[in-house]
Every structure is written in C-alpha cells, then in structure tokens.
Amino acid sequence: MFRGSNNVGVCGPHFPDAELACPHCGVNGCQQGLVDVLEAFRAAVVKPVQVDSAYRCPAHNVAVGGAKGSEHMQGLAADIRVKGMTAAELEEVARRIPAIRGIGRADRQQYIHVDVRSTLTLARWCYSASGKRCGYYPPLAEAA
Ligand SMILES: [Zn+2]
Ligand SMILES: [Zn+2]
C-alpha cells in the first residue's frame with residue numbers, strides 16, 4: 001500500500017485499495033479522513049458498503065461528468081450504496097457521522113455521495129433521475 005507524505009493513497013480494513021482507486025488508471029488518491037468515515041458508516045449499518053466511485057483522477061472525473069473541483073479528485077468523496085437500503089435511509093446514517101460534510105442523495109439510483117470537505121456547514125443536494133445534480137429538495141423531518 002502506498003502512503004505518501006501527504007497521507008494519500010490509504011485504504012481501510014473493509015475498503016481495499018481496488019475499491020477506492022480510480023477505475024481508469026488505478027491510482028488511489030483517497031485520504032484518511034474519507035476512509036475513516038467509510039469505516040464508521042459500515043460500523044453503523046453493520047452491513048457491507050459498496051463503493052461505486054471514490055478517487056477519480058481529473059481525466060476520469062471529466063469522463064464521468066463529475067463536478068468541476070469535485071471532492072472525488074481530492075480523495076475526499078465516495079459514492080456508496082448498501083443492499084436493501086434506500087438513499088433516504090443512507091442519508092440518515094450519514095447525518096449521524098459528523099465528519100461527513102457533504103451529502104448528495106440519489107433517490108432513484110439508491111446511492112449517496114458523501115464527502116469530508118472542510119466546511120462547517122453540511123452541504124446537501126440531490127441527483128435527478130438522469131443523474132444531474134440539483135438543489136436539495138426533500139426537507140428532512142429531523143432537519144432544524
Ligand atoms: Zn484515472
Ligand atoms: Zn460523488
């Protein structure tokens with residue numbers, strides 16, 4: 001496992017390098033903070049967490065239509081799903097993990113984007129059925 005001086009290229013006990021790396025070039029630029037929340041998420045649901053996308057190199061981020069400046073390119077974001085759980089249920093779990101500062105919810109596709117950006121406020125948004133990012137629409141009952 002590669003561990004750079006800037007602490008990139010990490011993986012975790014339940015999240016091997018192959019699941020976190022860019023599927024296009026195999027580079028794993030994931031940072032420790034991201035792997036920590038993935039492990040915390042897994043511990044909270046007590047089920048395997050499937051990673052659809054974690055680190056993306058800039059070329060791959062363009063190829064998949066990722067946002068400019070996407071946290072995926074900094075190794076700070078992952079798109080995750082858990083068998084048998086809706087995106088709303090996944091978000092509920094994510095909101096109990098303080099280090100998660102960005103949550104994008106894909107109700108139709110049943111996955112959520114989580115990231116560990118370094119902002120104080122929690123960023124939330126949703127994805128349309130076609131995967132386009134849009135404003136956060138479902139006001140959560142538990143939201144203040
Ligand atoms: Zn790549
Ligand atoms: Zn994402």
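Asp 79 and Arg 56 pair up in a salt bridge here, with their closest N and O atoms 3.2 Å apart. Asp 79 sits in strand S2 and Arg 56 in the loop between S1 and H3, so this contact ties together parts that are 23 residues apart in sequence. Keep in mind that this is a predicted model.

- Asp 79 has a relative accessible area of 7%, so it counts as buried.
- Arg 56, at 9%, is buried as well.

- His 72 belongs to the loop between helix H3 (58-63) and strand S2 (77-81), while His 113 is in strand S4 (residues 111-115), so the two histidines tie together parts that are 41 residues apart in sequence.
- If you look for His 72 and His 113 on the model, you'll find both of them buried.

**The zinc ion (ligand 1)**

- This ion is coordinated by Cys 22 (SG), His 24 (ND1), Cys 25 (SG) and Cys 57 (SG), at 2.1 to 2.3 Å.
- Why call the arrangement tetrahedral? The four donor atoms subtend angles of 93 to 118 degrees around the zinc ion, and the cut-off for tetrahedral is that all angles lie between 85 and 135 degrees.
- Along the chain, the spacing of the donors reads C-x1-H-C-x31-C.
- Cys 25, one of these donors, is partly exposed, because its relative accessibility is 38%.
- His 60, found in helix H3, is in contact with Cys 22, Pro 23 and His 24, leaving aside neighbours within four places in sequence.
- Is His 60 buried or exposed? It counts as buried, at 14% relative accessibility.

**Other salt bridges**

- The structure holds six salt bridges.
- One of them joins the side chains of Asp 52 and Arg 81, at 2.9 Å from N to O. This pair links distant parts of the chain, with Asp 52 in strand S1 (residues 50-53) and Arg 81 in strand S2, 29 residues apart.
- Asp 52 is partly exposed at 36% relative accessibility, and Arg 81 is partly exposed too, with a relative accessible area of 24%.
- Arg 105 forms a salt bridge with Glu 91, and the closest N and O atoms there are 2.8 Å apart. Again distant parts of the chain are linked: Arg 105 is in strand S3 (residues 102-106) and Glu 91 in helix H4 (residues 87-94), 14 residues apart.
- Arg 105 and Glu 91 are both buried.
- There's also a network of salt bridges, which links Glu 71, Asp 115 and Arg 117.

**The nonpolar core**

- The largest nonpolar core has 32 residues, and the members that touch the most others are Leu 20, Phe 41, Ile 80 and Ile 112.
- Helix H2 (32-45), S2, H4 and S4 each supply at least two residues of this core.
- Which element gives the largest share? That's H2, with six residues.
- Setting aside neighbours within four places in sequence, Phe 41 is in contact with Val 49, Ile 80, Val 82, Leu 90, Val 93, Ala 94, Ile 97 and Ile 112.

- How many disulfides does a search of the whole structure find? The count is zero.
- Take Cys 11, which is in no disulfide: the nearest cysteine sulfur, that of Cys 30, is 9.1 Å away. For a disulfide, the two sulfur atoms would have to be within 2.5 Å.
- Cys 11 is buried, with a relative accessible area of 17%.
- Cys 134, at 30% relative accessibility, counts as partly exposed.

How values were computed: Residues are numbered from 1 along each chain as its sequence is written. Chains are lettered from A and ligands numbered from 1 in the order in which they are written. This is a predicted model: local features need pLDDT of at least 70, side-chain atom pairs count only at pLDDT 80 or more; totals for chains, interfaces and linings use all residues. Side-chain values use heavy atoms; hydrogens and water are left out. Donors are N, O and S atoms within 2.8 Å of the metal (3.2 Å for Na, K and Ca); water is not among the atoms, so sites may look incomplete. Four donors count as tetrahedral if all angles lie between 85 and 135 degrees; four count as square planar and six as octahedral if opposite donors are over 155 degrees apart and all others between 65 and 115; anything else is irregular. Buried means under 20% relative accessible area, exposed over 50%, partly exposed in between (1.4 Å probe, protein chains only). Helices (H or I, at least four residues) and strands (E, at least two) are DSSP runs, numbered from the N terminus. A salt bridge is a side-chain nitrogen of Lys or Arg within 4 Å of a carboxyl oxygen of Asp or Glu. A nonpolar core is a set of buried Ala, Val, Leu, Ile, Met, Phe, Trp, Tyr and Cys residues joined through side-chain atoms within 4.5 Å. Contact means heavy atoms within 4.5 Å.
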